[in-house]
Structure formats: structure tokens, C-alpha cells
Amino acid sequence: MSADPLDDAPAPGALSSVFSVYEVVREDETVVYYGEPLVDRQTLQRTVLPLFSDHGYDVRIEERPGETTLAATPTSDDAADPGFPWTNAALAALTVLTTLYAGAQWYYVDDLLSLDVLRAVPFALAVMGVLGVHELGHYAMTRYHDVDATLPYFIPIPFSPIGTLGAVIRMKGVMPDREALFDIGVAGPLAGLVATVLVTAIGLVLPPISVPTVPTTGIAIGFGNPPLLRLIAWVLGQPLSYGEGLAVNPVVFGGWVGMFVTFLNLLPAGQLDGGHMMRAVFGPTYERAVPLVPAALFGLAAYVYVVRDATNAAVVWGMWGLITSFFAFRGSARPLSEDGLDTKRHAVAAITLFMGLLCFMPVPIRLVG
């Protein structure tokens, strides 16, 4: 066996109860311990994580051809003092521009290089609000459970109907238990739903906008109304459509985006929020049921294509069938502790999934004309 690792990484003897080390090498800044696990992976990870953390290292278990290693890297100074999140701020600023551009088209602004695009500020705030609050819900729970994670990264997409692909956070820490996995997974949809309901209600009470006459040969985009949107409109006594020449305020569409994103995130597969929740609720046995999710989405795509004659919706669900197939292949998050959840969290899971169903629409988008 080689000499002890350089610097102040743990000595091989400190791992002897869970990992039999036969060689230690340095690969750039990474200290790699080659050896044989003496316990199951979960126990190994639960044991070595605090040991390496106390020495100022992050550690991950890696399966290399014919052997198992512990790869330890010094904890980044950025984790203790991240400084100003320039990348997050820059992506958010770009997303403001792309959502303004997209919103200007919903407000029928003719000159997209003029200050008239500022009419779309409410739309941009609505879209970025529902998406940002969703991700901040996740982030707040990662902080609560002491799981290392980044601030939200917005994804700007020019020339799209909403100007963005959403926002994400990247979790870099280890999930300690199923309670943390559940809380982090459910916090995003719940926070996003609160913002979505608020944005939708504001949009419905705002005055409608004027719509120019569309030529009979033109093609327009039609969006389905999920039950939650119809319910909010009914409670407020507001219409979801107007006579010729008028349309609901585009802020309502910001709420629609929040509902659609909520439903997609609650699909119970892999790394999606719904996948985290169901993995936390049912434990490892749930992983055997995950392949049913893409199968159901492919079936939905076939249904809307054959029965509803909705080609665009079929493409959407077929695409998400492929996405969830990838997630199913990648597998679910695996917390260190597999202790079950309390009754309160089971109730929250049921309520959240029910709210997700209220956001479902078989035909979310259709080309009209």
C-alpha cells in the first residue's frame, strides 16, 4: 500500500471498519482510495461522509472496472463563501429579456425594438415569478436540511412562446434521509402552486387586451384550460374568453405555465419532483414501478393522436415519455437513511398529487386554423 494520502485527507486506517484500503493515489486534487467495501453501500456512505467532511473533503463512491473507490476532493472554498452569484444573475437577466420578447408578442406589440415591449413586463414577472418561486421552494428546503445546493439557474430560450425553459437548482450534497428527500421534492410544487394561483387570479381580474383580426388563412395557438384554471375563474366570477377582438390578459398565461410545469414536475419518475416524493413515500420498492410512468405517457400520446386528433399534444406527451424513460434508466435519488415518513407527510403527498391532477390537461396545446 502506498503512503498515507497527501495533505490532511483521512488516513486509510480510519476507514478500516467499513472499507479495506489497498492503495491510495492522488489524481490532480482528488485523493482516490482503492479497496474493498466491508459493508453495504448505504452504510459505507453514511460512515465515510462525516469522516471526510471533518477533514475538509467531499467524497463519492465510484465503481471503476473491477474495483470500488472512494474519490475525495477538497471542499470548495466557494461552498463556505460563494460570493455574488454572477452566473445566476446573468441568466436571470437574459431570461427577463427573452420573456419580455415572448410576452410582447402576446400583447401584439408591432415594433419589438421599441419601448412598447415594456407592456410585457407583467407577463415576464408572471412567468419568472411562478418558475422562480418553485425553485426557491426547493432551495429553502435544501438549506433547512443542510443539503448543498445552488441558487436557481433560469434558462433563457429566445423565440419561444414563453421565452424560457424554466429554472433549475443543482443539488451537490448527499441526501441524508427520506424526510429530507420528500421535503425538498414537495416544497417546489407547493411553493410554485401558491405563486401560480396568485398570478392566475391577478391575471383574471386585469382587463382583457385587444386582439387584431387574424386572417382566415392564419394559424393560431390554442391552449387547453386545466381544471385548476377553470376553478379559479369560477371562484372569481371571471371569464376565460371574451368576444371577438378581445382576449384574457397574458398574465393568465403566466399562471397556465405554472400549472403545466407543476404537472410535469409531479410526474413520479426519477429525478423529477414527483419521483423524489414517491421514492420518499414508498422507499426502494417504488423504483420497480417507475417504468410505468413513460408507458402511461406513450399511451396518452397515442390516445390524443387517435381519439382527439391532436398531433401537437401527442408530440408533447411522446417527448415526455422519452424524457421519463431516461429518468427511469438513471434511477431515483437514494437517501442514506431509509426510515419511513410520518402520517403528516403522507397527507401532504396526497394533497400535492391531487393539486397536480387539477393542473392536468390531455391537450395542452393545439394549432388552430
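This is a predicted model: local features need pLDDT of at least 70, side-chain atom pairs count only at pLDDT 80 or more; totals for chains, interfaces and linings use all residues.
Residues are numbered from 1 along each chain as its sequence is written, and side-chain values use heavy atoms, without hydrogens and water.

**Entry: the whole chain**

I counted 11 helices and 10 strands. These are DSSP runs numbered from the N terminus (helices H or I, at least four residues; strands E, at least two). Of the 369 residues, 44% are buried. The C-alpha trace spans about 80 × 45 × 35 Å along its principal axes.

**Entry: helix 5**

I followed helix 5 from residue 178 to 205. Its 28 residues reach 41 Å from first C-alpha to last, close to the 40 Å expected at 1.5 Å a residue; that span is 1.5 Å times one less than the number of residues. Where does the helix kink? I found a kink of about 30 degrees at Ala 187, shortly before Pro 189. The bend is the angle between axes fitted to the seven residues ending there and the seven starting there. Asp 177 caps the N-terminal end, with a side-chain oxygen 3.3 Å from the backbone nitrogen of Glu 179.

**Entry: salt bridges**

I found 8 salt bridges, each a side-chain nitrogen of Lys or Arg within 4 Å of a carboxyl oxygen of Asp or Glu. Glu 179 meets Arg 345 in one, at 3.7 Å from N to O. Glu 179 lies in helix 5 and Arg 345 in helix 11 (residues 343-358), so the pair ties together parts 166 residues apart in sequence. Arg 345 counts as buried, at 14% relative accessibility.

Next I checked Glu 287. It pairs with Arg 279 at 3.1 Å and with Arg 334 at 3.5 Å, N to O. Shared partners join Arg 178, Arg 279, Glu 287, Arg 334 and Glu 338 into one network. Is Arg 279 buried or exposed? Arg 279 is buried, at 2% relative accessible area. Arg 334 counts as exposed, at 58% relative accessibility.

Technical notes:
A polar contact is a pair of N or O atoms within 3.5 Å; within protein, one must be able to donate a hydrogen and the other to accept it, and residues adjacent in sequence count only if both atoms are side-chain atoms. Buried means under 20% relative accessible area, exposed over 50%, partly exposed in between (1.4 Å probe, protein chains only).
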